[in-house]
Amino acid sequence: MKAINVGIIGVSGYTGLELVKMVLLHPIFQLAYCANTEGETTLSQLHPSLMGVCDIGVEKVDLDKAASHCELVFLALPHKTAMTAARGLLERNIKVVDLSADYRLSKENYEAFYCEHEDLNNLSQAVYSIPELHGKAAAGAQLIANPGCHVTATLLAIAPFLDHIDHTNPIFVDSKTGVSGAGKSPTPGVHYVSVNDNINCYNIIKHRHATEIEQHASALCDTEVHITFVPSLVPMTRGMLACVYATLKDDCDPLALMRTFYENKPFIRVRSAPPHTKMTSGTNFADVYATRNKNALVVMCAIDNLMRGASSQALSNANIMMGLDETLGIPKIAYVP
Ligand SMILES: NC(=O)c1ccc[n+]([C@@H]2O[C@H](COP(=O)([O-])OP(=O)(O)OC[C@H]3O[C@@H](n4cnc5c(N)ncnc54)[C@H](OP(=O)(O)O)[C@@H]3O)[C@@H](O)[C@H]2O)c1
């Protein structure tokens with residue numbers, strides 16, 4: 001099959017690096033354009049781990065150039081910056097997979113939590129896609145809104161149970177993330193001394209991902225879903241564990257139900273014991289588990305925030321978008337030990 005040229009804008013960041021690593025090994029996609037804020041450098045200068053592997057140039061963003069080199073561009077950029085680039089690329093008829101939050105929410109929800117939306121035309125066209133939950137929705141799309149990390153883990157945990165939960169009772173989501181979730185910029189909250197030997201909750205209830213979980217869980221079950229979201233920062237580089245606590249309204253066997261729901265899904269592993277983040281590290285796997293205590297439901301999902309929570313899910317979506325097998329070039333072997 002003919003190679004497909006792709007670009008990555010935001011290549012110097014954490015999710016950008018994960019995309020580079022996968023695209024370099026992808027059987028069809030070819031890395032044809034890389035950019036960051038200032039450019040005038042190379043991949044191995046930005047990421048010394050790539051020395052001797054790949055040393056292509058990294059340029060200052062130039063959308064004409066990106067469009068002349070690529071059929072599809074991944075945006076691993078901060079929100080707001082991403083929508084400017086997305087709009088320009090879409091005008092040039094280039095497909096876009098956006099890892100930021102810019103196209104994930106309704107205008108109202110986005111503007112309540114982020115900033116004014118400056119690309120409403122494309123917002124209405126964007127396809128939000130977790131392949132196991134949205135099927136082939138990404139096929140043929142021009143713009144993918146790649147879901148957030150806490151959202152991916154939570155929706156994959158809760159989706160099988162949306163019709164079995166009593167929505168008049170609270171649903172609690174307790175989601176722990178590794179520090180790379182905050183991106184590469186050093187801030188006091190992610191300083192070694194703050195993170196090491198410590199666990200702390202942050203942005204409880206009001207976290208931006210709460211609204212994304214509610215919007216997309218509601219869309220999956222046609223019921224208004226409300227959650228109480230408590231994210232924590234834990235001293236690991238990568239990894240995420242979402243635990244969801246809810247009230248069951250029927251007599252289901254949670255694990256059996258989960259096994260049926262995720263049958264034949266290549267990147268979901270239904271475990272018979274609580275999952276470990278490490279088993280998913282460096283992969284696109286979501287490891288899930290569920291149990292009950294009378295009518296109290298406990299569901300868990302472990303993922304790698306940089307992979308299933310961002311870059312490998314983005315690549316899976318890009319595969320589907322381009323009519324390729326969803327699993328092409330997607331890592332399955334974890335960084336263990
Ligand atoms: N980290 C995660 O676990 C995770 C999970 C899901 C989604 N996301 C989302 O994915 C996106 C990227 O996250 P990240 O963690 O990879 O962030 P990051 O490590 O901070 O990297 C951000 C990248 O964006 C580039 N950039 C910033 N402003 C730019 C501009 N004006 N023009 C061109 N490039 C610009 C940076 O380039 P310079 O080096 O030149 O500044 C860098 O390459 C964010 O929207 C984030 O919310 C992240």
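Start with helix 4: its buried residues pack against strand 1 (4-9), helix 3 (63-69), strand 5 (72-75), strand 6 (95-98), helix 6 (120-125) and strand 8 (143-145). Helices here (H or I, at least four residues) and strands (E, at least two) are DSSP runs, numbered from the N terminus. Residues are numbered from 1 along each chain as its sequence is written. The model is predicted: local features need pLDDT of at least 70, side-chain atom pairs count only at pLDDT 80 or more, and totals for chains, interfaces and linings use all residues.

Select residues 81-91, which make up helix 4, and colour Ala-82, Met-83, Ala-85, Ala-86 and Leu-89, which are buried. Buried means that 20 or more other C-beta atoms lie within 10 Å of the residue's own, with C-beta atoms placed from the backbone (exposed is 12 or fewer, partly exposed in between). Now look down the axis of helix 4: the buried residues fall within an arc of 160 degrees, so they line one face of the helix. The arc is that of the directions from the helix axis to the C-beta atoms. An α-helix has 3.6 residues a turn, so residues three or four places apart point the same way. Just after helix 4, Asn-93 has a positive phi of about 65 degrees.

Next, select Asp-102, in the loop between strand 6 and helix 5 (107-113). Is Asp-102 buried or exposed? Asp-102 is buried, with 30 other C-beta atoms within 10 Å. Its contacts, leaving aside neighbours within four places in sequence, are His-79, Ala-82, Met-83 and Ala-86; two residues are in contact if their C-beta atoms, placed from the backbone, lie within 7 Å. Draw a distance between the C-alpha atoms of Asp-102 and Met-83: they are 19 residues apart along the chain and separated by 6.1 Å.

Move on to the open sheet of seven strands, in the order 10-11-9-12-15-14-13, with mixed pairing. Two strands pair if DSSP finds at least two bridges between them. Strand 10 (200-201) and strand 13 (268-270) stand at the edges with a single partner strand each, so one side of each has no neighbour in the sheet.

Stops within this sheet:

- Strand 9 (residues 172-177) and strand 11 (residues 228-233) are parallel and share six bridges. Val-173 has Phe-229 in strand 11 as its bridge partner.
- Strand 13 pairs with strand 14 (residues 286-293) in the parallel sense, over three bridges. Val-270 stands opposite Val-288 in strand 14.
- Strand 14 and strand 15 (residues 296-303) run antiparallel and are joined by seven bridges. They form a hairpin with two residues between them, and Lys-294 in the turn has a positive phi of about 55 degrees.

Then colour the two domains, domain 1 (4-125) and domain 2 (150-305); the bounds come from an automatic or database domain assignment. Their C-alpha centres lie 27 Å apart. Eight residues from domain 1 and seven residues from domain 2 take part in the contact.

Finish at the ligand. Which residues are closest to the ligand? They are Gly-10, Gly-13, Thr-37, Ser-100 and Gly-183, out of 29 residues that surround it; a residue counts as near if its C-beta atom, placed from the backbone, lies within 6 Å. Domain 1 and domain 2 both give residues to this shell, so the ligand lies between them.
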